[in-house]
Amino acid sequence: MMNSIRNQFPILKTRVRSLPRRGGAKSLVYFDNAATTQKPEIVLRAMDKFYRSKNAPVHRGVYTLAEAATAAYENVRDQVRDFIHAAHREEIIFTAGATASINAVVAGYVETSLHRGDHILLTDMEHHAMIVPWQAAAERKGLEVDFVPLTSDGRVDIGVFKKALAKYRPKFVGITHVSNVLGTVNPVREMIAAAHKIGAIVLIDAAQSAAHLPIDVQKLSCDFLVFSGHKLYGPTGVGVLYGRKELLERLPPFIFGGHMIEEVTREKTTYAPLPAKFEGGTQPVAEVVGLGAAISFVQGVGFNAIQKHECELSAHMLKGLKVISGLTLLGPATTQGRIPVFSFTISGIHSHDVATLLDREGIAVRAGHHCAQILHSNLSPDASVRMSLGVYNTVGEIDRTIAALHKIQEKFYA
Amino acid sequence: MHNDVRDMYREEILEHYRHPMNFGTLKKPSHTISAANPLCGDRITLQLRVEKGIVREVAFEASGCAISIAAASLFSEWMKGKKLAQVQKVGEKKTQELIKAPISVARIQCVLLPYSALKKASNSTSSELTRPRKLG
């Protein structure tokens, strides 16, 4: 199966020549999938084909080409509905990405439903995309933002979460489905149920999970859920905001302009019904089409196969990292309840040096705090190296990386 | 991994990282300036004792990657006995020259960290920066 998947990603055939330009180029090992994934042929072709044969404004023209473009665009809405098991197609809103989706929910919710002194509950595991919009809104509106602390191995303890709910009585709860630093999967279903018991609205950030775990918004019973196309083997510039219909209907529009209106007069504008109300302006149609192709790709492989393969990768990686002396893995060292994302520090070697020297071996990893400074400072005072794997990565690539890490240590400790 | 003379990870650079020159603090600094790289959280505090416009003593404390520590080590050694104004003027170019290796775009900020501390001193004439201050 592996070869047939890898062959679908043209960029994986790239060879890397880093500085200093000496020695042969190395074949690319792409371990930065939590930042953005590579794109399979099916996505590239779908977008290319759209521009070549269907490009036209959607929802505007009465001519044949515009109808084809509109159909292509709206078909993806059905695909996304099916992908996350939403009850209604108009609960699927296309946005510019997960960050844009979160900003939209925060802005709308703050405007309509939150008041000075209201509490917002987040976890210490959140990405800046969840933290910063709430903090900015809190400053404007006088809200309180509270954080659920994590266990020492970087998990959310449901008991600690429930205590925080009881203590702060938040009106709104924002939770990441999966940590972008540790790869840990949160018990979101239980967390949502507990939050609903005290009447809080829950937003799930599925940016990190959408490519790795099946999502069922009805089973989760979440109020809002967001994800990006580009972390799901799809294009950049497109994402999804899912919201329960009755909540989206109450939420004010966040982008005002063409298409999102019902009627405009000199006196007043009335807004279009869902989902058009939230899709003002010309939409990134080719990107939406690319997102549809990406979902087809993921569904073609299937989550059973994805999870089986990624669990094997996790087991192999954990085994390899374990034998590197002085390496500290952030978060749990088990394959259970995780996706293949691994952040670590090596004593005496800065993460940027590790990343640059891995790059010389053709291995692309991330160094830094990974847009999660609160989580990161909890677990490590120093920047860390993150390796995040995807469906096309292999055990052989892990072996190459472990060998390279040994080599870097030899060089530094000489 | 080879030991190319044009390699920013050649043994000489790693040796500066392991045993940086002028690492520590000064007893009576005339300037104490800090800078940080927001990308990675690397930090440097640079101390100078300047007399009649000449850098007489220099020390730094830093947490950072091999490249930023080695750059600070080389740069601090180079500036001793030179006119502060001159050091400030050519510092940006000089820090890169001292590494003697091509630096990838992603890592240039690491090399420039000691210079960005020094630049802050040059841009300020306030008495606050020229008064001795405690580190940290």
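How do the residues of the lining of the largest cavity divide into nonpolar, polar and charged? The lining has two nonpolar, four polar and one charged. Here Ala, Val, Leu, Ile, Met, Phe, Trp, Tyr, Cys and Pro count as nonpolar, Asp, Glu, Lys and Arg as charged, and the others, Gly among them, as polar.

The model is predicted: local features need pLDDT of at least 70, side-chain atom pairs count only at pLDDT 80 or more, and totals for chains, interfaces and linings use all residues. Residues are numbered from 1 along each chain as its sequence is written, chains are lettered from A in the order in which they are written, and side-chain values use heavy atoms, without hydrogens and water.

The lining residues are N33(A), A34(A), T37(A), A207(A), Q208(A), H212(A) and K231(A); each has an atom within 4 Å of a cavity point.

At the interface, 23 residues of chain B contact 21 residues of chain A (heavy atoms within 4.5 Å). The buried area is about 1,900 Å², taken as the accessible area (1.4 Å probe) lost on putting the two parts together, summed over both. Carbon and sulfur atoms give 58% of this area.

Two salt bridges link chain B and chain A (a side-chain nitrogen of Lys or Arg within 4 Å of a carboxyl oxygen of Asp or Glu). One salt bridge joins the side chains of D7(B) and R360(A), at 2.6 Å from N to O. By class, the side of chain B that touches chain A has 14 nonpolar, three polar and six charged residues.

Key. On a 1 Å grid over the protein atoms alone, a cavity is a set of points where a 1.4 Å probe fits but cannot get out, and a pocket is an open set with protein on both sides within 12 Å along at least five of seven lines; lining residues have an atom within 4 Å of a point.
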